[in-house]
Amino acid sequence: MSRPSSAVIRLVSSAGTGHFYSTRRRRSRQGRLMVLRFDPKIRKHTWYTEKKER
């Protein structure tokens, strides 16, 4: 079987609250994903960065 063209990744808050979002990303994309999203624990928008899955 072939590999799927997308992977599920975890975006972790840079504020250090432990909050995360899960999303899909194309496997062919290079580099780490960074997105500005809302962190409900501190009630502010913060940068979320892609963390390596185990």
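## Ser13 in strand β1

Ser13 lies in strand β1, residues 6-13. Strands here are DSSP runs of E with at least two residues, and helices are runs of H or I with at least four residues, both numbered from the N terminus. This is a predicted model, in which local features need pLDDT of at least 70 and side-chain atom pairs count only at pLDDT 80 or more, while totals for chains, interfaces and linings use all residues. Residues are numbered from 1 along each chain as its sequence is written, and side-chain values use heavy atoms, with hydrogens and water left out.

Is Ser13 buried or exposed? Ser13 counts as buried because its relative accessibility is 6%. The classes are buried under 20% relative accessible area, exposed over 50%, and partly exposed in between, with a 1.4 Å probe and protein chains only.

The side chain of Ser13 makes a polar contact of 2.9 Å with the side chain of Asp39. A polar contact of 3.4 Å links the side chains of Ser13 and Thr46. The term covers a pair of N or O atoms within 3.5 Å; within protein, one must be able to donate a hydrogen and the other to accept it, and residues adjacent in sequence count only if both atoms are side-chain atoms. With neighbours within four places in sequence set aside, Ser13 is in contact with His19, Asp39, Thr46, Trp47 and Tyr48. Contact means heavy atoms within 4.5 Å.

## Sheet layout

The protein has 4 strands and 0 helices. Along the sequence the pattern reads β-β-β-β. The 4 strands form an open sheet, ordered β2-β1-β4-β3, with antiparallel pairing. The edges are β2 (20-26) and β3 (34-39), each of which pairs on one side only. On average, neighbouring strands of this sheet are turned by 40° against each other, direction ignored. Such angles run from 0 to 180 degrees between N-to-C directions, with axes as lines fitted to C-alpha atoms, for helices over the stretch in contact.

Two strands count as paired if DSSP finds at least two bridges between them. Strands of a sheet pair through backbone hydrogen bonds, either parallel or antiparallel.

## Strand pairs

β1 and β2 run antiparallel and are joined by 7 bridges. In this pair, Ala7 stands opposite Arg25 of β2. The β1-β2 hairpin has 6 residues between the strands, and Gly16 takes a positive phi near 80° there.

β1 also runs antiparallel to β4, with 4 bridges between them. Val12 has Thr49 of β4 as its bridge partner. Leu11 has Glu50 of β4.

How many bridges join β3 to β4? The count is 6, and β3 runs antiparallel to β4 (residues 44-51). Met34 stands opposite Thr49 in β4. Arg37 has Thr46 of β4 as its bridge partner. Thr46 is also the residue whose side chain makes the 3.4 Å polar contact with the side chain of Ser13.

Arg43 sits in the loop between β3 and β4. The hairpin of these strands has 4 residues between them. Phi of Arg43 is near 55°, positive in a residue other than glycine. Most residues other than glycine have a negative phi. Arg43 counts as exposed because its relative accessibility is 70%.

Leu36 is found in strand β3. Leu36 is partly exposed, with a relative accessible area of 47%. Apart from neighbours within four places in sequence, Leu36 is in contact with His45, Thr46 and Trp47. Leu36 and Lys52 are 16 residues apart in sequence and 18 Å apart in space, C-alpha to C-alpha.

## Overall dimensions

The radius of gyration of the protein is 13 Å, whereas a compact globule of 54 residues would have one near 10 Å. The radius is taken over C-alpha atoms, and the globule rule is 2.2 Å times the number of residues to the power 0.38. Along the principal axes, the C-alpha atoms fill a box of roughly 45 × 15 × 15 Å.

Buried residues make up 26% of the 54 residues. The accessible surface comes to about 4600 Å², and 50% of this belongs to carbon and sulfur atoms. Accessible areas come from the Shrake-Rupley method with a 1.4 Å probe; for residues, only the protein chains shown count as cover. Of the contacts with a separation of 6 or more, 34% are between residues 24 or more positions apart.
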